[in-house]
Structures are given as C-alpha cells and as structure tokens.
Amino acid sequence: MMTAMRLRSLGVLAVGLGSLAALAGLAEYSVTSGWVSKFVLSPPSEVWVAAVEIYHDEKPFGALLSTLGITLAAIFLAVGFGLPCGWALWRYQTFGRAYEGWLGALFASPKLLLYPLFLVLFGRNLGTLLIMGWVTATIPIMLKTREGLMTVSPVLLNVGRSFNLTERQMLWKIMLPSAIPVIFTGIRLSMIYTLIAIVALEFLLNFGGLGGMVGEMYDRYNIPGMYAAIVFVVLLSLVYFRIVQGIQTWLRSV
Amino acid sequence: MAEIGLARSAAAGTPLVGPEARIQIATVLGVWGMWEALARSGLFYRDIVPSSLKVFAALYAHLAEAEFYHHLWTTTYEVLTGFTIGSLAGIGLGILFGVRRFLGRVMDGYILALAPAPKVVFLPILMVVFGIGVGSKIAMAAMSAFFPVVLSTVAGMLLINPTFIKVGRSFNAGPWQMVSKVYLPSLVLPVITGLRLGLGVAIIGTLIAEIKLSNAGLGFLAIQYYEMFRIPEMYAVIIVIFALAMGANALMTKVNDRLGRRGMPNASDISGAA
C-alpha cells in the first residue's frame, strides 16, 4: 500500500518535471525557430544567462531583504495594533457587532488602491509602503483575534472560573493560549496579503525590492531579465508561503 | 402600517435605532468631523486633505460628465470580460483536473505554487504579449480570477458524492451530460465561492494594470488626477472604485448566502453524504 502510494507520488513528480522540461524545450524551440518573437518570449537558455547577470549585478537578495523587511515591519506593527483592537472588539461585544461587517467589507475591498492617498500624505518613500502594509495586515489580525477569543471552549473558561482567576489571568492563562491557532490564521493571512501588497506597490512605484526589480527589467526592456526576475519572485514567494504554512502547522501540533 | 410600527415601538419604550447602529452612526460622524477638522486646520499643504464638500462636488461633477462614463465602461468591460474568461477556464480545467486525477495531481503543484504569488509581477509579460491597451488588462483580470475559481472547483470536485458519479455512469451519460447533469449541479456553491473571490481579485488586478500603464479606465483616471495634483477629483474616483468593488463583493456574497440557504449542496454537505 505504502509502496504503491510512493510510486504514484514519484510518477506525479516525474510527469510534472517532465512536462516542465518539455514546456521549456518548446519555448526554446519556438523562439530560436522564429515562431515567436524574441521581444515577446525569451528562450530559457537566455533567461538562465540573465538570471546569472541579475545575481551579480542587481543584488536580488538585497531586494528580497528590502521587501521582507518592510513586510515584516508592517506585520509587527499590525500585530501590536490588531491584537488589542481584536480583544477590545471581543470584550465590548456591541462594538464588535457594529464593526464586524465593516471590517469584513474592508478586508475584501481593494485597499491597495488607496496608495495615491498615502503618496499624497507621506510622499514616495518607505512610509507609504509601511502604512499600506500595515493597513493590509491589521484587519485580518483584528477579525481573527476576536473570532479566536469568541470560540474558546466553555470547558476551559469554567476551569478558569473554578480557580477564581481574575479577568487578566483568564486572558493570559486561558483565552490567549487557546485562541493562538485562530489568531495565527489571521497573522498568516496578513503575511500573505501584505507581501502581495508590498511587491505590487514596489512594482507600481518602481521603489526597489522584488517588485521594483521586475519593473526595472520591464522598463529597460530587458526581456530575458524580466522573465528571470519574475521566476525569482515566484520561487521566493513560494518558499515564503511554505514557511508561513509550516509555522501554522507547527503551532497547531504544539 | 409603518406608522403603527413606529407608534408601537415608541409605546413600548424601545429605541428605534439599535446600539450597533448608534455606534456606526457615531463613528461615521466622528470620522467625518475629524476629516473636516484636519481639512480646515491648515496642518497639511493645500488640498492634501480637502474638505468633504470639495470631494463630493468633484464626485457630482464627474457623475454628470460623459467622459467619466467612458472610463467607467472601460474598467467594467475589462473586468467583466477578463473575469468571464478566467472563470470559464477555471471551471473547465477544475472539472478536468477533478475527473482526471493523475493530471490533477501533476497540475496541483504548479497551481498551488502560482496561486498565492503576487500576480502583479506577471503584468510585464502580459503587456509585452497583449500590448498596453485593453488586452493586457483583460488578461490580468482573467489570470487573477482563474486561480481562486480553479482551486475551489477542484476542491468541490473532490467532494462530490461518488454515488452521483456512479449513477451517471450507469446511465451511460456522455462527458457533456456528466458535466451538465452531475458535476455542475453539485459544484454550485464551491464555484460561487470561487467566483466571489475571483471577482474581487479581478477588479484589483485590472485597476493595478490601469494604474501602471494605460490611457483609459478608473485606475488611469485616479493616477492621472494624482499626477496633476487634482486631489479632490482623485478622492472622488477612489470613492467610486471602492463603492463598485464593495458593491460587487456584497452582491456575490448575497448570491452565495441565498444559494446556501436554499439548500444547494456545498462542500461540507457533499462530504457528509459521502
């Protein structure tokens, strides 16, 4: 049974990698044979050369650190603001009910398009990126903190009451530890949406980081470099999301 | 009737407006008051925080202009065309990946890798392939909508009661009959959920593409006003964009809730039945 499953997984992996290699071969052939213009699609061999050039000239890991730094700083600020606000929305339930619908609508709204407003207020600098990241990150943390505190098991609350715990002790010893998996779901959503928002803003404003790197390649009309930068951003975002997912799985198991 | 209701609630001593609504009204008035105070304080450079009266005057002026509707139509056309293409591709491929599980497993890795990636980085490719006109914006909307729709369709396919599929096959249903009589009726709720998410990201994707490089659409209009430092007009366009995006989301949520209430099979029902 185990061997059959492993064989099937290996088959899936082999076909997946094989089809990727076939796609790369088709791209190479279609450009070198003149089917597709070099100004539209770059042959993978040129993309590889461009990737090596980008690695030496553009310092992509510096761009990565810049993007990650702003993203994590925005999330740090959002946790500092969103956790107490989420607690307040749970503690004062009328306010929670009044604002829940609004926060849900704001979460689904295209907040990224508010950036001209912050550009006007703060200028084209890190402040705009940070505040946009914070706006994106705060709402899921607030909503999930409230949800996490609302769904704490009544059995745990009764245990706390039977020990005559104060309200503060109940919060720190019982409610927060029990709500952590749900709260981290909010933080995970924040980490995903904030990275996407920061990369998009860097791209729109040509303001460094991973998004700025892709935008710069396009502006220079360096087509192989553009493809290499896009592949780099996609691979890095994949690693980032896997790490975030891994942390959540670990937290659930603890 | 309404008067009787009002009289009754007054007689019973219950407030006409609930506590949540009072908090909401107070919040709106508080934010509006703070905005007006900031606008008149002189703390900010001219028109960076314009009076709400100026913003509403700009909004009114826009709504009365024919050119505004040209931009509104361009964005609506790009969003709806791209959303339709992306959704149809998402539903079609989602069903295919659900039926042909080996193919589905092979594609899972690629779809899961690309789905959460910031789609905006693909915009340069779309502009190189489709140009800087309407085509690249439609492609951006289609690509943005595709991933949530295909993911929820595949998830829905995996939760269809196997008995339904066996019944379809025992009646010798053809591929199209299986799709129209078995798969699609079982997929209504997961697909609607995917469409709701897809429409939201299609709107964002289109507007970002318009902001980056275009010559028409609401995103173009907003960024043009920013560059011309016509801030009240910029705020007016942003209000329209937010109203449209939130309205579209509310509409899709309502459809989703209504179908759920009517007892349309959803993922959990199907999994329970299986």
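A salt bridge is a side-chain nitrogen of Lys or Arg within 4 Å of a carboxyl oxygen of Asp or Glu. This report applies that term, and several others, to a predicted model, in which local features need pLDDT of at least 70, side-chain atom pairs count only at pLDDT 80 or more, and totals for chains, interfaces and linings use all residues. Side-chain values use heavy atoms, without hydrogens and water, residues are numbered from 1 along each chain as its sequence is written, and chains are lettered from A and ligands numbered from 1 in the order in which they are written.

**Salt bridges**

Over all chains, the whole structure holds nine salt bridges. Side chains of opposite charge can pair when their charged atoms come close.

| A:Glu167 | A:Arg91 | 2.5 Å |

Helices here are DSSP runs (H or I, at least four residues), numbered from the N terminus.

A:Glu167 is partly exposed at 48%, as is A:Arg91 at 33%. In the second pair, A:Glu216 is partly exposed at 37% and A:Arg220 is partly exposed at 44%. In the third, B:Arg230 is partly exposed at 34%, whereas B:Glu233 is buried at 19%.

**Nonpolar core**

A nonpolar core is a set of buried Ala, Val, Leu, Ile, Met, Phe, Trp, Tyr and Cys residues joined through side-chain atoms within 4.5 Å. The largest one has 132 residues, and those with the most contacts inside it include A:Tyr115, A:Met226 and B:Tyr183. Helix α8 (residues 167-205) of chain A supplies the largest share of this core, 19 residues.

Leaving aside residues up to four places away in sequence, B:Tyr183 touches several residues, among them B:Ile95, B:Val99, B:Met157 and B:Arg169; contact means heavy atoms within 4.5 Å.

**Domains of chain A**

An automatic or database domain assignment divides chain A into domain 1 (2-41) and domain 2 (54-253). The centres of these two domains, taken over C-alpha atoms, are 34 Å apart.

Technical notes: Buried < 20%, exposed > 50% of the residue type's maximum accessible area, 1.4 Å probe, protein only. Helix = DSSP H or I, 4+ residues; strand = E, 2+ residues; numbered from the N terminus.
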